Amino acid sequence: GLSAAGAGLLAMCGLQEAADLNRYRADELHADLQRHAASTEGQRLLRSKPAPPLSTVEKWLRLASSTS
């Protein structure tokens, strides 16, 4: 599933709905998430945990494509 921190990072990327994920490739979204996770706001959101790995981002994209 999607954690609250993951949802927050996606929102920081401007993604609000599952269908919004379909405009990204996994590597592009992962890079965008990494950039936001490195910000002060991202670190606060993640509570100093690492950003989701590429495999998690790929899973989110698969789930999003199956629901839209």
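In this predicted model, the largest nonpolar core holds 16 residues. A nonpolar core is a set of buried Ala, Val, Leu, Ile, Met, Phe, Trp, Tyr and Cys residues joined through side-chain atoms within 4.5 Å. Buried means under 20% relative accessible area, exposed over 50%, and partly exposed in between (1.4 Å probe, protein chains only). Leu10, Leu21, Leu29 and Leu33 touch the most other members of this core. Helix H1 (4-12), H2 and helix H4 (54-67) each give two or more residues to the core. Helices are DSSP runs of H or I with at least four residues, numbered from the N terminus.

Leu29 touches Leu10, Leu15, Leu21, Tyr24, Val57 and Leu61, with residues up to four places away in sequence not counted. Contact here means heavy atoms within 4.5 Å.

In H1, the buried residues are Ala5, Gly6, Gly8, Leu9 and Leu10. Their cover includes H2, helix H3 (40-46) and H4. Just after H1, Gly14 takes a positive phi of about 90°.

Asp27 lies in helix H2 (residues 26-37). Asp27 is partly exposed, with a relative accessible area of 41%. The side chains of Asp27 and Arg25 are joined by a polar contact of 2.8 Å. Such a contact is a pair of N or O atoms within 3.5 Å; within protein, one must be able to donate a hydrogen and the other to accept it, and residues adjacent in sequence count only if both atoms are side-chain atoms.

Residues are numbered from 1 along each chain as its sequence is written, and side-chain values use heavy atoms, leaving out hydrogens and water. Local features need pLDDT of at least 70, side-chain atom pairs count only at pLDDT 80 or more, and totals for chains, interfaces and linings use all residues.
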